[in-house]
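Subject: Structure handover

Hello,

Here is the structure I said I would pass on. Please have it open while you read the notes below.

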Amino acid sequence: MKAGLLILPFLALLIGAVGTAVGSTFPEVRFVAQVAWAIAASIVGLWVFLDLDNFKNVFTRKGAKYGASSGVVVVLGVAIIVGIAVLAARPRFNKSYDVTRDRLNTLSDQSQKLVAELKEQIGKGGKPIQVTAYVGEDAAKTQLKDLLDMYQAGGAPFEVEYLNPTQNAMRAVADKVTEANTVILKRGAQEKRVNTFSEEKLTNALVNVMKEKSKKIYFTKGHGEGALRGTEPNGYSGMVTELEGNKNQVEELSLLEAVKVPDDADMLVIAGPKYDFKEEETRVVEDYLKRGGAVLTMVDAVIPVDTLNKMLEKFGVKMNDDVLLFNSEAGRSPYGDEFVFVTEFDDMSPVTRDFARQSSTAMLLKTPRSVAEVTDNANKLKVSLAGKSSTGTAIRIKGVRSQGDLQQLDDSRVENEGSFPIIAVASGKTQAPATAGNDKTEGQTDKSDAHNDSSAPQAKETRLVVVGSSNFANNFGSQLAAQHKDMFMNMTNYLLQDEDFISIRPKDPTKSTIDLTTPKSQLTLLVLAFIYPFVFLGGGTYVWLKRRRA
């Protein structure tokens with residue numbers, strides 16, 4: 001064969017590889033791949049035509065069969081190289097590596113759970129998420145595209161459409177777009193809009209479009225609780241905004257006025273009362289729990305709540321009359337002696353499981369009280385002491401019901417060893433209280449009635465979370481540490497039986513990845529994997545043949 005013509009097959013293979021990579025990197029010019037391979041085939045045909053005599057001699061020479069064998073090896077080698085190039089260019093083989101220490105550019109556990117749930121629903125015939133992005137700025141479009149690529153790389157079934165609001169003014173008006181850089185997520189009749197491009201905002205929007213209906217949450221009032229929508233430090237506007245952002249309806253409730261917890265209540269929150277409940281109120285809460293209700297109770301230390309505590313003990317949890325402080329013997333706290341670290345989390349409880357898996361995650365509670373399990377509780381609920389103070393970093397002062405109890409202390413009231421439980425989770429099935437229409441005197445109910453009466457009370461799962469502090473959930477605490485918002489949302493999602501949404505909340509990522517799906521990385525891969533090896537392979541073959549003829 002003519003040594004000078006051997007550059008042609010290598011050139012053909014190179015053109016085909018480049019065309020495949022460009023067509024995969026830039027979908028809008030996908031035809032480039034077909035054109036490149038057509039040119040490559042033409043070059044191979046030209047090579048055969050120009051060196052036709054030598055090709056004929058290959059099959060007539062004495063060593064033809066050996067040459068044919070070597071030719072087959074070469075063809076198979078080229079086929080393998082081409083196959084690898086085609087497979088590597090396909091989207092399902094794209095891979096990103098997050099090199100940040102805190103994995104800021106990797107989807108959070110919550111986002112990954114949502115993506116997995118979406119994929120499962122799609123497999124069962126569910127609808128994908130339609131994402132319509134009205135972005136006019138190139139920087140905003142790039143930021144959004146990078147964010148959506150993280151979800152799609154994890155398998156999120158997104159159907160994405162990018163529109164320029166200026167060039168598509170009529171479409172923007174029809175979609176009622178009033179702000180620049182607006183992203184609309186739709187799934188069936190559900191819709192949510194996002195104007196800030198971060199994982200947290202996008203994941204919360206996904207939660208909204210995935211939930212078929214909103215949940216109703218009531219906060220008790222009348223006992224000195226912080227204002228539900230108050231912006232002062234002891235208010236709860238921050239958490240309420242978070243709850244409503246996850247498609248929940250939030251209202252206040254006076255138990256004395258309502259007489260009972262409304263039937264539409266999915267959850268009841270007792271947030272930092274300064275005064276004890278009346279017996280009439282605790283009976284209302286007890287009745288709600290027995291009907292399969294869900295209650296989150298957060299009571300600070302130095303607040304005597306005997307009546308409320310008596311009711312909670314029936315469901316397996318007791319709030320102790322004590323206060324926890326930072327143990328100065330363990331070192332110096334940067335936050336002061338009033339703050340206690342909570343780092344020991346139950347990895348079996350759905351509320352704290354994700355916290356337990358991240359050893360660096362901690363809560364910072366101001367003068368909390370401890371809680372305890374009532375093993376032989378009246379309603380047979382199973383209790384988990386899910387969150388405890390760091391071992392050896394807290395001291396417990398017993399017998400504290402008022403500020404005066406902190407003035408004179410003796411060693412018998414101070415405990416400084418071990419860890420102290422602050423978060424308790426109780427669950428189980430209780431027998432719903434009978435309604436007036438179902439009351440029967442003893443002996444009038446037989447087994448057939450119990451099985452056939454559809455109006456008979458059914459056993460439902462009761463869920464209860466008790467925390468020896470409320471300040472982690474108010475405006476002051478939610479801004480003190482991001483983990484507080486995470487924990488509060490985990491508690492509410494558990495109580496609302498939205499376990500798919502329980503996780504550490506997403507972080508706002510800062511880009512620092514090595515991404516093999518962008519055009520620049522595709523071209524870099526092309527140079528390293530194809531051009532560079534082909535140049536040396538072709539040059540080496542040419543030199544070898546030239547020396548052999550000499």
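The model is predicted, so local features need pLDDT of at least 70 and side-chain atom pairs count only at pLDDT 80 or more, while totals for chains, interfaces and linings use all residues. Residues are numbered from 1 along each chain as its sequence is written, and side-chain values use heavy atoms, with hydrogens and water left out.

Overall

The protein has 17 helices and 20 strands. Both are DSSP runs numbered from the N terminus: helices are H or I of at least four residues, strands are E of at least two. Of its 550 residues, 43% count as buried; buried means under 20% relative accessible area, exposed means over 50%, and partly exposed lies in between, with a 1.4 Å probe and protein chains only. The accessible surface comes to about 29000 Å², and 54% of that belongs to carbon and sulfur atoms. These areas come from the Shrake-Rupley method with a 1.4 Å probe, and for residues only the protein chains shown count as cover. Among contacts (heavy atoms within 4.5 Å) between residues at least 6 apart in sequence, 76% join residues at least 24 apart.

An open sheet of 4 strands runs in the order S3-S2-S4-S5, with mixed pairing. Two strands pair if DSSP finds at least two bridges between them. The edges are S3 (158-163) and S5 (190-194), each of which pairs on one side only. On average, neighbouring strands of this sheet are turned by 15° against each other, direction ignored. Helix H8 (residues 199-210) packs on the sheet and touches S2, S3, S4 and S5; its direction makes about 165° with that of S5. For such angles, axes are lines fitted to C-alpha atoms, for helices over the stretch in contact, and the range is 0 to 180 degrees between N-to-C directions.

Inside the sheet, S2 (residues 129-134) and S4 (residues 182-187) are antiparallel and share 5 bridges. Val131 stands opposite Leu185 in S4.

A surface patch

Phe31, Val35 and Ile39 make up a nonpolar patch on the surface, with about 280 Å² of accessible area together. Patches take residues with over 30% relative accessible area and no salt bridge; like charges are joined within 9 Å, and nonpolar side chains (Val, Leu, Ile, Met, Phe, Trp, Tyr) within 5 Å. Val35 is found in helix H2 (residues 31-50) and is partly exposed at 44% relative accessibility.

Salt bridges

The whole structure holds 25 salt bridges, each a side-chain nitrogen of Lys or Arg within 4 Å of a carboxyl oxygen of Asp or Glu.

Lys186 and Glu191 meet in one of them, at 4.0 Å from N to O. Lys186 is partly exposed at 28%, and Glu191 is partly exposed at 39%.

Arg401 and Asp306 form another, at 2.9 Å from N to O. Arg401 lies in the loop between S16 (394-398) and S17 (414-415) and Asp306 in helix H12 (residues 306-313), so this pair ties together parts that are 95 residues apart in sequence. Arg401 is partly exposed at 32%, as is Asp306 at 43%.

Salt bridges that share partners also join Lys260, Asp263, Asp287 and Arg291 into one network. Within it, the closest N and O atoms of Asp263 and Lys260 are 3.0 Å apart. Asp263 is exposed at 65%, whereas Lys260 is partly exposed at 37%.

Regards
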